[in-house]
Amino acid sequence: MVTGFMLDKLFRPGPLKQAAFATLDAVNAAAREPALFGEGRIADTFEGRFEAVTLFATLVLDRLAGQGRDADALGQETFNQLFKMFDTALREVGVGDLSVGKRIRRMAEAFYGRVAAYREAFGAEGDAVLADAIASNVLSLQPADPDFAAALTTHVRASRNALIAQELSELLAGSPRLPAFQPAISTR
């Protein structure tokens, strides 16, 4: 006889999935801060939110990269769950079943391109390359306020530095700490 406890234990996600879900929750919280969106900021559209999530996911995935088997596994599972989230979001906005696969493929290509651009920018001296990568990806959907663009670049660099300073054990537990965005311009 199967009991509720047995079913709960059978379908409960394992520690890796739980850490990936928690990591993705932190990424989404950082990428969905209301101060990031609006006129002169990130476009409050599906595409704009994809760009914001991609930017903050890259920060976490970059921190996990090359940190050992457990970190690589968490990075891969976080990526898997991120694209399941994108799949669900596409279906919720009415993209038909036959088109979802093609859209996900295009999103994955865009994601990998963004990751490469941001990783290159992280390795560059100063923030000019990072500012250009953010401008051409995250802020390309609508005209951006130059003060906001500078504040976002500073925030991304600070977020990356905070993740680098964070203990790997905390990250592996699904607890990346991404600082809150402090806009340098007034809310419109």
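Predicted model: local features only at pLDDT ≥ 70, side-chain atom pairs only at ≥ 80, totals over all residues.
Q: OK, how many residues are in the largest nonpolar core?
A: There are 50, and I42, F83, F111, I134 and L152 have the most contacts inside it. Such a core is a set of buried Ala, Val, Leu, Ile, Met, Phe, Trp, Tyr and Cys residues joined through side-chain atoms within 4.5 Å. Buried means under 20% relative accessible area, exposed over 50%, partly exposed in between (1.4 Å probe, protein chains only).

Q: And what does L152 touch?
A: Leaving out residues up to four places away in sequence, L152 touches L36, I42, I134, V138, L139 and F181. Contact here means heavy atoms within 4.5 Å.

Q: New topic: which residues meet between α6 and α7?
A: L130, A131 and I134 in α6 meet L152, T153, V156 and R157 in α7. By class, that's 5 nonpolar, 1 polar and 1 charged. Nonpolar covers Ala, Val, Leu, Ile, Met, Phe, Trp, Tyr, Cys and Pro; charged is Asp, Glu, Lys and Arg; the others, Gly among them, are polar.

Q: Is R160 buried or exposed?
A: R160 counts as buried, because its relative accessibility is 19%.

Q: What's it touching, then?
A: R160 touches L59, D62 and F122, again not counting residues up to four places away in sequence.

Q: How far is R160 from R114?
A: They're 46 residues apart in sequence and 15 Å apart in space, C-alpha to C-alpha.

Definitions and conventions
Residues numbered from 1 in each chain as written. Heavy atoms only, no water. Helix = DSSP H or I, 4+ residues; strand = E, 2+ residues; numbered from the N terminus.
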